[in-house]
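Reader: I'm new to this and would like to learn how to read where parts of a protein meet. Can we go through one example together?

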2 protein chains.
Amino acid sequence: MHSMASIAPTSSLRVYDDLRESILAGQYLPGTRLRTAALAERLGTSRTPVREALVLLEGDGLVALEPRRGAVVRGFATEDLADLYEVRALLEPHAAARAATRMTPEARDRLAALCDLAEASTGLDRAAIADQIAWNEEFHATIIQAAGSARLSAALRGLAGIPRAFRTSFWLSPHQRAISLACHRELQVAIATGSPERAEATMRMHIVSARDYLIEVMREPRTA
Amino acid sequence: MHSMASIAPTSSLRVYDDLRESILAGQYLPGTRLRTAALAERLGTSRTPVREALVLLEGDGLVALEPRRGAVVRGFATEDLADLYEVRALLEPHAAARAATRMTPEARDRLAALCDLAEASTGLDRAAIADQIAWNEEFHATIIQAAGSARLSAALRGLAGIPRAFRTSFWLSPHQRAISLACHRELQVAIATGSPERAEATMRMHIVSARDYLIEVMREPRTA
DNA sequence: ACGTTCCACTTTGCGTGCAACTTCCGATCC
DNA sequence: GGATCGGAAGTTGCACGCAAAGTGGAACGT
């Protein structure tokens with residue numbers, strides 16, 4: 001009999017989760033040097049699990065790890081973001097197509113609920129946008145998981161995580177927000193009705209659209 | 001002035017390279033438990049860098065690492081291999097298209113040389129097939145690198161490595177061997193002449209064909 | 001003033017010890 | 001007889017120490 005009580009995760013994983021969350025939240029700005037001793041003290045462990053967590057974060061593309069030089073929070077240049085979205089545009093439509101024929105009813109319900117929540121929330125303040133970003137993350141994660149391909153998930157793991165600051169602009173632009181919500185709803189319906197092509201095409205459009213908007217925004221000198 | 005002498009790689013990376021090569025060569029069969037103490041002694045280091053190497057290998061999808069349970073060499077079930085090739089079929093054609101407009105002349109020459117070598121070698125013995133597999137790996141790696149997308153490379157890193165035993169059957173089948181060589185030559189020419197669509201279509205066909213053959217072979221009870 | 005050299009301080013990477021957990025095998029009980 | 005329990009052996013994960021490489025700055029020469 002397996003204990004249902006969540007087994008104590010190793011210290012390395014706790015540090016990993018904490019650091020990942022901090023980086024995504026923008027607490028460590030790109031370029032920041034992550035020194036093991038300071039982090040170990042800050043997180044209440046020794047340097048060993050911190051070091052291991054940094055290796056994991058490098059695998060996620062969140063930090064750059066040079067031998068003997070230490071770890072640095074990676075920056076996300078315009079070109080790099082374009083690259084990232086281009087790869088997402090290759091993978092996620094396929095994930096959506098697979099999800100359309102495999103998603104469990106519970107996940108389908110959750111997808112609909114996420115659409116409802118996002119459409120109902122019209123605020124522009126920090127908290128409302130943080131909600132939108134969280135819902136958006138869960139929406140995409142749900143689809144990827146429903147695709148039921150471990151390799152697909154693995155390939156996307158290094159692409160899902162970028163500091164949320166880069167995504168804020170989507171929800172400040174009324175046009176982009178409307179487009180995103182429409183895409184999500186269309187995706188939800190396509191998956192609910194089991195239409196792989198519709199889901200795939202919508203997801204491709206969704207990501208390519210986001211990519212171009214992001215590139216456009218970042219080309220401007222400074223807006224937010 | 002920087003020293004050109006290659007800086008001593010950290011012990012962790014040496015262990016990583018060694019283990020990765022051993023697993024790909026089939027020296028550790030799927031299901032083998034990788035115990036840190038034994039590996040450390042075998043490789044002449046302590047358990048710390050071995051542990052770090054195992055984390056890296058997990059990122060490559062070569063070992064499964066469960067907390068408090070240790071590391072196990074991952075198996076490659078038919079279904080998993082189909083998954084893997086499906087994702088490759090999404091990513092590598094795009095890499096080929098990009099490579100067609102970006103590859104350096106030196107890499108182009110190397111591609112042609114690899115085709116020449118592979119076409120000239122007609123043996124069926126172990127050594128000849130090992131050569132074919134090595135040339136094939138370098139061929140694909142050259143194209144992926146020429147694509148010039150760090151994110152694409154990262155997404156493919158977890159997909160490039162499967163034990164070479166799974167690839168042996170390709171080169172034992174005269175038909176598959178002929179198809180593969182033809183695809184590679186076609187890819188080389190498409191890239192040399194700067195035709196992205198041709199490169200992309202050929203690569204897609206190449207990978208999907210390989211996938212289906214692999215599935216077919218593995219469906220049989222036992223051949224090799 | 002600018003660049004170079006040297007030296008002290010900082011940080012990384014690795015080795016090792018120890019506690020906690022898993023695993024394995026034999027004894028025990030029904 | 002088969003399943004269960006218990007303890008010993010083995011393994012993992014973490015903490016800490018040390019040597020080596022890196023980093024920054026002051027002293028120095030041009």
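Reader: How many residue pairs are in polar contact between domain 1 and domain 2 of chain A?

Author: To count as a polar contact, a pair of N or O atoms has to be within 3.5 Å. In this predicted model, two residue pairs, both at pLDDT 80 or more, meet that way between domain 1 and domain 2 of chain A. On the domain 1 side, helix 1 (residues 11–24) of chain A gives the largest share, four residues. That side divides into four nonpolar, one polar and three charged residues.

Reader: And how many salt bridges are there between domain 1 and domain 2 of chain A?

Author: For a salt bridge, look for a Lys or Arg side-chain nitrogen within 4 Å of a carboxyl oxygen of Asp or Glu. The count between these two domains is two. A:Arg157 forms a salt bridge with A:Asp60, with the closest N and O atoms 3.7 Å apart.

Reader: How much area do domain 1 and domain 2 of chain A bury between them?

Author: About 610 Å², with 46% of it on carbon and sulfur atoms. Eight residues of domain 1 are in contact with six of domain 2.

Reader: What about the bases of DNA strand C?

Author: Look at A:Arg47: an N or O atom of its side chain is 3.0 Å from a base nitrogen of DNA strand C.

Technical notes
Residues numbered from 1 in each chain as written. Chains lettered and ligands numbered in written order. Predicted model: local features only at pLDDT ≥ 70, side-chain atom pairs only at ≥ 80, totals over all residues. Heavy atoms only, no water. Contact = heavy atoms within 4.5 Å. Buried area = accessible area lost by both parts, 1.4 Å probe. Polar contact = N/O pair within 3.5 Å; in protein donor to acceptor, adjacent residues only side chain to side chain. Helix = DSSP H or I, 4+ residues; strand = E, 2+ residues; numbered from the N terminus. Nonpolar A, V, L, I, M, F, W, Y, C, P; charged D, E, K, R; others polar.
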